[in-house]
Amino acid sequence: QERFVESGGGLVQPGGSLRLSCTASESIYNIYTMGWYRQTPGKARELVARIRADGVTNYQDFVRVRFTISRDKAGNTVYLQMNSLEPEDTAVYYCNPWPAWGSWGQGTQVTVSS
């Protein structure tokens with residue numbers, strides 16, 4: 001059983017929006033900080049945004065203002081609302097604790113193209 005299952009990706013035009021979901025196989029209540037990451041072919045996986053259990057968020061400069069990370073405190077889901085998408089946002093998106101540890105899920109493909 002995968003620790004995390006990401007969903008919500010797809011093909012969207014530049015300027016469009018997507019909402020990604022990350023469902024954990026077990027409670028993430030005790031995982032203090034969760035993160036969304038992304039990876040493109042030939043490049044290392046990079047952190048996009050993270051959220052602490054107390055709701056404090058942090059974003060990389062390249063997504064600041066456009067993306068919003070949130071978490072369901074009562075459950076086991078982390079979300080990434082992505083607005084004003086750009087072709088450079090095309091990647092496979094993953095979630096994992098921050099700092100990352102353990103296995104990764106399959107990710108969800110986001111493609112921004114006209």
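This is a predicted model: local features need pLDDT of at least 70, side-chain atom pairs count only at pLDDT 80 or more; totals for chains, interfaces and linings use all residues.

Q: Which residues of the largest nonpolar core touch the most other members?
A: That core has 25 residues, and those touching the most other members are Trp36, Phe67, Ile69, Leu80, Met82 and Tyr93. Two or more residues come from each of strand 3 (18–24), strand 4 (33–39), strand 5 (46–52), strand 7 (67–71), strand 8 (77–82), strand 9 (91–97) and strand 10 (108–112). Strand 3 contributes the most, with 4 residues.

Q: How many aromatic pairs does a search of the whole structure find?
A: The search finds 2 aromatic pairs.

Q: Why is the pair of tyrosine 37 and tryptophan 104 called edge-to-face?
A: The ring centres are 5.0 Å apart, and a pair needs centres within 6.5 Å. The planes stand at 85°, and edge-to-face requires over 60 degrees, so the label applies. Tyrosine 37 is in strand 4 and tryptophan 104 in the loop between strand 9 and strand 10, 67 residues apart.

Q: Why is tyrosine 37 called buried?
A: Its relative accessible area is 6%. Buried means under 20%, so tyrosine 37 qualifies.

Q: What makes tryptophan 104 partly exposed?
A: Tryptophan 104 has a relative accessible area of 28%. Partly exposed covers the range between buried, under 20%, and exposed, over 50%, so tryptophan 104 falls there.

Q: What makes tyrosine 94 and tryptophan 104 an edge-to-face pair?
A: The distance is 5.8 Å centre to centre, against a limit of 6.5 Å. The angle between the planes is 80°, and over 60 degrees counts as edge-to-face. Tyrosine 94 lies in strand 9, 10 residues apart from tryptophan 104.

Q: Is tyrosine 94 buried or exposed?
A: Tyrosine 94 has a relative accessible area of 10%, and the cut-off is under 20%, so tyrosine 94 is buried. Tyr37, Tyr94 and Trp104 form one aromatic cluster.

Q: How do you know that the charged end of arginine 50 sits over the ring of tryptophan 98?
A: The charged end lies 3.9 Å from the ring centre, and the distance limit is within 6 Å. Arginine 3 lies over the face of tryptophan 101, at 4.4 Å from the ring centre.

Notes:
Residues are numbered from 1 along each chain as its sequence is written. Side-chain values use heavy atoms; hydrogens and water are left out. A nonpolar core is a set of buried Ala, Val, Leu, Ile, Met, Phe, Trp, Tyr and Cys residues joined through side-chain atoms within 4.5 Å. Buried means under 20% relative accessible area, exposed over 50%, partly exposed in between (1.4 Å probe, protein chains only). Rings of Phe, Tyr and Trp (its six-membered ring) pair if their centres lie within 6.5 Å; planes under 30 degrees apart count as stacked, over 60 as edge-to-face and the rest as tilted. A charge sits over a ring if NZ of Lys or CZ of Arg is within 6 Å of the ring centre and within 35 degrees of the ring normal.
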